[in-house]
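Keep the view open as you read, and find each part as it is named.

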Amino acid sequence: MNELIRLEKVTYRYGREPVLVNVDLSVSAGEFVGVVGPSGSGKTTLLKAIAGRLDPIAGRVVREPGLAVGYVPQVETVNWYFPITVLQAVLMARVNGRVVPWPSKDDLREAERVLERLGLAGLGGRHIRELSGGQQQRVFIARAMLRNPKLLLLDEPTAGVDVRTRHDVMHVIHELHHDGLAVVLTTHDLNGIAAHLPRLVCLNREVIAVGRPREVIRPEVLERTYGAPLEVLSHGGMPVVVEHYPEPAGVEEVEATARVVPLREGHHEHPA
Amino acid sequence: MSTLLEPFDYGFFRHAILVATLAGALCGLIGIYVVLRGMSYIGHGLSHAIFGGAVASYVLGVNVILGAGVWAFVSALMINKVSRRRTIGADAAIGTITTASFAVGLILVSTYRSFVVNFDALLFGNVLGVSQADVWLVAGVGVFAATVVFFGYRQLLFSTFDPEVAEVSGVNTGRADMLLAITLAAILASTMSVLGVTLIAAVLVIPPVTARLLTDSFSRMLWISVGVGTGSGFVGVYLSYYLDWASGPAVVVTSAAVFAVAYLVSSFRRRLPATVVDAHVG
């Protein structure tokens with residue numbers, strides 16, 4: 001497989017604070033990589049580094065010449081009250097190469113094709129706020145796809161969504177991957193998403209481990225990544241991460257009790 | 001009919017109404033980006049900052065409009081720089097820099113009392129002071145602003161909606177911000193004599209906000225905003241002639257009235273069943 005991008009000993013800082021330290025990572029054509037780690041571990045920065053958005057203060061980023069990258073931001077960062085229709089949002093991807101404000105017939109045809117491909121046909125004239133959670137995420141995947149990328153980067157594509165929407169979004173991403181697209185996504189969902197991906201990167205400013213989920217979802221790796229003990233069980237050959245929360249001090253057991261109060265005719269008792 | 005056209009017999013009125021109409025259109029155009037970037041307060045701040053620039057330019061013997069424009073542009077860059085420090089928010093940066101600049105202007109006015117120029121006109125707008133040169137200046141700025149928005153439409157839209165992804169997609173967001181700051185400074189400096197620095201922010205904000213109430217489409221919002229700005233500029237100055245109001249407040253009150261009507265219309269549309277709205281508006 002030909003390598004699309006390679007990070008060699010890459011270090012980034014925001015101010016004095018190091019965000020990524022000595023990160024080595026490569027992504028090849030057609031790969032599907034998940035990046036997991038706690039909040040503030042540098043996941044988004046890693047995606048921006050791969051996208052070419054940041055210049056490292058140390059190390060280097062080697063890209064395939066002319067590599068087209070599609071970037072899907074966290075939907076939580078989107079201003080849903082911005083006056084923009086689905087089609088207008090998707091056409092933003094065609095920002096270069098045409099100087100007049102209106103889109104070309106080719107741009108429109110291509111945008112319609114991508115919308116149809118992602119199950120959004122007929123929704124081009126709708127405001128982005130009027131869509132369901134899964135459709136909203138697919139709009140931004142469609143915008144990234146209009147750049148004809150070889151590599152698709154998604155920043156927590158299932159953050160804050162329900163199980164059905166998560167399934168819907170991941171189904172679309174898997175389909176695009178099966179069509180030959182290389183995918184890198186970040187996620188906090190170890191059991192629902194990370195455990196099902198072919199390759200995982202555990203990140204906490206530095207790369208803690210890289211490999212298949214069965215190789216990296218292990219208690220010692222997760223403790224180094226998250227700084228907290230996590231138990232890993234095996235279910236049908238898949239690793240399942242179990243979190244244990246400390247019980248509140250002084251409470252050993254909570255017993256649920258119920259009392260039936262008979263109602264006398266003409267007399268109603270109201271619960272306190 | 002001749003009574004209605006009477007004010008057009010006067011050269012000063014023709015100049016004033018032309019400049020106010022152009023100014024309304026320009027503010028409606030650039031105001032879209034100002035409002036959608038959550039920078040409404042910057043228009044207010046910069047309009048005050050240019051007062052300091054205008055007075056300082058007069059004292060130094062520099063062209064007042066040019067000096068005010070450069071001052072506004074430098075203020076915009078300083079606000080950008082200061083607000084990047086996370087400990088200081090953009091609102092605090094705007095409040096500090098622009099009010100300080102306004103204060104410098106007031107100190108200069110109180111120190112050099114022997115001004116030939118009446119700075120009240122700069123503060124509140126005055127149709128009597130509009131010359132043929134002002135008309136050409138605003139027209140020139142209008143051509144510049146229209147060119148920037150026309151050729152930078154895609155970049156400005158993308159960097160306004162989603163600056164992070166815009167940059168990944170090859171948009172130079174720094175250059176887009178700079179271009180927007182230059183255009184905004186030029187519009188504020190060239191229109192301050194008619195609209196007044198204390199009121200120009202309203203002309204910058206009310207048309208796009210009115211347009212936003214009426215549409216969910218960016219391109220339509222742009223046209224509606226320019227239309228509301230143009231109409232308010234024309235009607236406002238026209239009313240100011242008959243009602244003997246200062247031109248700036250007249251334009252602002254007109255656009256505020258249009259906003260009130262749009263607000264009522266949008267509230268009424270919200271209460272209608274979706275199918276009725278689609279049938280009549282879609």
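How do helix 3 of chain B and helix 10 of chain B lie to each other: parallel, perpendicular or oblique? Keep in mind that this is a predicted model. Start with the two axes. Helix 3 covers residues 40–60 of chain B, and helix 10 covers residues 173–195 of chain B. Their axes come within 10 Å and cross at roughly 60 degrees. Angles from 65 to 115 degrees would count as roughly perpendicular, and angles under 35 degrees as roughly parallel. Helix 3 of chain B and helix 10 of chain B are therefore oblique to each other. The crossing of helix 3 of chain B with helix 10 of chain B is right-handed.

Now look at the residues that meet there. Helix 3 of chain B brings Leu46(B), Ser47(B) and Ile50(B). Helix 10 of chain B answers with Leu184(B), Ala185(B), Leu188(B), Ala189(B) and Met192(B). By class, this contact of helix 3 with helix 10 of chain B has 7 nonpolar residues, 1 polar residue and no charged ones.

Move on to helix 11 of chain B, residues 200–214.

Follow chain B onward to the loop between helix 12 and helix 13, where Asp244(B) sits. Asp244(B) has a positive phi of about 60 degrees, although it is not a glycine. Is Asp244(B) buried or exposed? It has 8 C-beta neighbours inside 10 Å, so Asp244(B) counts as exposed.

Next, turn to chain A. Chain A has 7 helices and 11 strands. Of its 272 residues, 38% count as buried. Take the contacts in chain A between residues at least 6 apart in sequence: 66% of them join residues at least 24 apart.

Chain A has a positive phi to show as well. Phi of Glu156(A) is near 45 degrees, and this residue is not a glycine. Glu156(A) is found in the loop between strand 6 (151–155) and helix 5 (163–178) of chain A. Glu156(A) has 23 other C-beta atoms within 10 Å, so this residue is buried.

Gly180(A) lies in the loop between helix 5 and strand 7 (182–187) of chain A. Gly180(A) is exposed, with 9 other C-beta atoms within 10 Å. Gly180(A) and Ala29(A) are 151 residues apart in sequence, yet 7.6 Å apart in space, C-alpha to C-alpha.

Finally, see where the two chains touch. Here 23 residues of chain B are in contact with 18 residues of chain A. On the side of chain B, helix 7 (132–151), helix 8 (153–161), helix 9 (163–168) and helix 12 each supply at least two residues. The largest share, 6 residues, comes from helix 8 of chain B. By class, the side of chain B that touches chain A has 12 nonpolar, 5 polar and 6 charged residues.

Terms used:
Residues numbered from 1 in each chain as written. Chains lettered and ligands numbered in written order. Predicted model: local features only at pLDDT ≥ 70, side-chain atom pairs only at ≥ 80, totals over all residues. Axes fitted to C-alpha atoms, helices over the stretch in contact; angles between N-to-C directions. Helix = DSSP H or I, 4+ residues; strand = E, 2+ residues; numbered from the N terminus. Parallel < 35°, antiparallel > 145°, perpendicular 65-115°, else oblique. Left-handed = near helix turned anticlockwise from the far one by under 90°. Contact = placed C-beta atoms within 7 Å. Nonpolar A, V, L, I, M, F, W, Y, C, P; charged D, E, K, R; others polar. Expected span 1.5 Å × (residues − 1). Buried ≥ 20, exposed ≤ 12 C-beta atoms within 10 Å, placed from the backbone.
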